[in-house]
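Visitor: I'm new to this one. Could you show it to me and let me ask a few things as we go?

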Amino acid sequence: MICITISQESRRMALVDMLNAAMLGADLIEVRLDRFEKDANLAELMTAKKKPILFACKRQQDGGQWEGTEDERTMLLRSAVMAKADYVDIELDAADSVRPFPTYKRVISYTNLETTPKDLAAIYAEMQTKKPDVIKLTCKASTPEEAWPLIQILNKPAVPTVVVGLGDSGLMLSLLGRKIGAPWATAALEKGMEAYPGQATVRELDEFYRYRDIGKPTRFVGVTGEGERPKLLAGLLNSAFVKLELPLRVLPLQVGNLKLFRKIIDAVRLQGVLLDDSANEGMHEIAAYDDSTKMPVASADSLFPVEGGWNASNLLGQTVVNALDAMLKERGNPEGLKGRSVMLAGVGPLTKMMVTALKKAGAMLMWASKNKEAVAGAAATFGGRQLLWEAVYNTSHDVLIIGRDGSRKITDDIGEEETTLHPGYLKPGMCVVDLLSGLIPSKFLQEAKIRRCGVVSPRRLMIEQVREAVRRLSDLEIAVEPLEETLTNWIGDEE
């Protein structure tokens with residue numbers, strides 16, 4: 001079930017939100033009584049209900065806004081029972097003040113806004129003594145370290161248990177809970193109406209993470225990172241899995257401590273992990289690098305399970321090659337990258353991950369950097385010509401791939417990384433890839449398009465990343481068109 005939280009100061013607005021929540025697919029509606037400016041008319045709320053109602057009245061230490069006395073609060077909870085609420089949320093330390101009654105289900109809850117306590121197992125055992133129908137644990141879960149004790153409880157819950165993680169790992173806990181049979185996950189009605197920072201909306205649970213599809217047979221694929229891009233990547237992957245009728249769904253993850261990260265991905269038996277840029281290096285601590293190509297890249301954007309452990313490999317090179325090949329063929333070059341000169345502007349993990357796929361496609365490599373030692377090392381290790389940064393302007397090349405090596409800066413206004421290359425040198429017919437652009441094309445890419453260059457858009461790279469991941473996970477092909485249509489529905493046209 002999805003439980004939508006209603007936190008309104010006005011009873012009239014609460015009634016409107018209850019109706020909207022039912023229309024958006026809520027299975028259960030939590031009404032926060034502590035938010036009302038005036039006394040709650042519980043009978044009116046119950047009469048208006050379209051879905052089962054959970055009443056909660058949270059104190060300030062539990063993340064609520066109750067300003068009355070504790071006696072008044074417990075009296076209100078008893079009134080909720082007498083009003084024949086479907087569920088009533090009762091804190092562990094108040095459980096003895098609100099007796100069980102046949103007309104409602106007792107949700108015994110514990111909240112810790114600061115951390116996941118070390119004695120959580122003992123707290124959970126005590127909650128089981130309070131005649132719960134459901135146990136609800138709400139704890140800080142900003143990191144995998146904080147989330148790990150909650151994962152352990154979810155793995156073998158003694159009674160039906162809802163885990164609410166406050167922080168970046170909260171969504172992961174909700175989806176894991178769905179797989180093991182948790183009674184519900186909490187969600188906000190829409191953006192700006194979250195009961196706590198980071199709470200997913202009902203649309204995100206349904207549309208991007210396919211919450212209702214998840215069950216015991218579901219196998220998870222991890223996607224790491226924060227923000228809009230990992231969410232869109234997760235949504236596209238899930239769309240592909242649905243289209244291909246695969247029993248796979250995405251589990252959002254945070255990396256944190258690598259050894260604990262390894263414990264988590266082992267414990268939930270992930271079928272693979274797609275890593276964000278912040279986790280491209282250092283995976284040797286928990287995985288063996290896929291060295292079948294004999295290229296010492298030592299960077300990875302994906303993990304896949306092998307007998308006895310994990311292999312770290314990268315999809316980025318093949319993703320970029322697929323996109324460039326398609327573009328070159330569309331522009332009248334039937335052999336794609338074969339024989340084309342490719343300028344790798346920047347010596348870093350992202351450009352190094354290009355090498356194997358580019359060479360396999362028959363491209364000729366050139367490296368450029370402001371760092372003389374770095375560019376010499378890259379040319380010696382991977383092959384290709386070495387150039388200093390300024391030489392990019394007077395060296396002929398068919399393809400420009402921009403990566404990171406300290407030659408870029410972060411702009412304050414839109415947060416994108418901006419190249420120090422001047423776009424005035426670009427010529428019609430060149431193909432340009434900017435590995436550091438957000439989904440909105442960087443200024444450099446916009447200038448390249450004006451100069452009639454072939455631009456591999458960041459959106460197309462994401463789509464190709466999804467397609468390559470699906471191939472690795474299932475040996476199946478997903479077409480470009482349905483993924484483009486889905487992404488356009490979410491973020492609009494690129495133009």
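Visitor: Does tyrosine 87 count as buried or exposed, and at what relative accessibility?

Guide: Keep in mind that this is a predicted model. Buried means under 20% relative accessible area. Tyrosine 87 falls under that cut-off, so it counts as buried, at a relative accessibility of 11%.

Visitor: How many aromatic pairs are there in the whole structure, and which residue forms one with tyrosine 87?

Guide: Searching the whole structure turns up four aromatic pairs. In one of them the ring centres are 5.3 Å apart and the planes stand at 80°. Planes over 60 degrees apart count as edge-to-face, and that is how this pair is described. The partner of tyrosine 87 is tryptophan 184.

Visitor: How many residues apart in sequence are the parts that this pair of tyrosine 87 and tryptophan 184 ties together?

Guide: Tyrosine 87 belongs to strand S4 (residues 87–91). Tryptophan 184 sits in the loop between helix H6 (170–180) and strand S8 (185–188), and it is buried with a relative accessible area of 3%.

Visitor: Why is the pair of tyrosine 393 and tyrosine 425 called edge-to-face?

Guide: The ring centres of tyrosine 393 and tyrosine 425 are 5.4 Å apart. For edge-to-face, the planes have to be over 60 degrees apart. These two pass because the angle between their planes is 80°.

Visitor: Which loops hold tyrosine 393 and tyrosine 425, and how far apart in sequence are the parts they tie together?

Guide: Tyrosine 393 is in the loop between strand S17 (385–388) and strand S18 (399–402). Tyrosine 425 is in the loop between strand S20 (417–419) and strand S21 (431–434).

Visitor: Which residue lies over the face of phenylalanine 208, and at what distance from the ring centre?

Guide: A charge counts as sitting over a ring if it is within 6 Å of the centre and within 35 degrees of the ring normal. Over phenylalanine 208 we find lysine 231, at a distance of 4.8 Å.

Visitor: How are helices H8 and H15 oriented to each other?

Guide: Helix H8 (residues 228–243) and helix H15 (residues 458–474) have axes that come within 10 Å and cross at roughly 50°. The contact includes Leu232, Leu236 and Phe241 of H8, along with Ile463, Val466 and Leu473 of H15. The crossing is right-handed. Given their angle, H8 and H15 are therefore oblique.

Visitor: What about H5 and H9: which handedness does their crossing have?

Guide: Helix H5 (residues 144–155) packs against helix H9 (residues 258–267) at about 35°, with the axes 10 Å apart. Among the residues making the contact are Trp148 and Ile151 of H5, and Leu260 and Ile264 of H9. The crossing of H5 and H9 is left-handed.

Visitor: What separates the C-alpha atoms of glycine 63 and tyrosine 196?

Guide: Glycine 63 is in the loop between strand S3 (53–56) and helix H3 (70–82), and it is partly exposed at 37%. Leaving out residues up to four places away in sequence, glycine 63 touches Arg32 and Leu113. Glycine 63 and tyrosine 196 are 133 residues apart along the chain, and their C-alpha atoms are separated by 7.9 Å.

Conventions
Residues numbered from 1 in each chain as written. Predicted model: local features only at pLDDT ≥ 70, side-chain atom pairs only at ≥ 80, totals over all residues. Heavy atoms only, no water. Phe/Tyr/Trp six-rings, centres within 6.5 Å; stacked < 30°, edge-to-face > 60°. Helix = DSSP H or I, 4+ residues; strand = E, 2+ residues; numbered from the N terminus. Buried < 20%, exposed > 50% of the residue type's maximum accessible area, 1.4 Å probe, protein only. Axes fitted to C-alpha atoms, helices over the stretch in contact; angles between N-to-C directions. Parallel < 35°, antiparallel > 145°, perpendicular 65-115°, else oblique. Left-handed = near helix turned anticlockwise from the far one by under 90°. Contact = heavy atoms within 4.5 Å.
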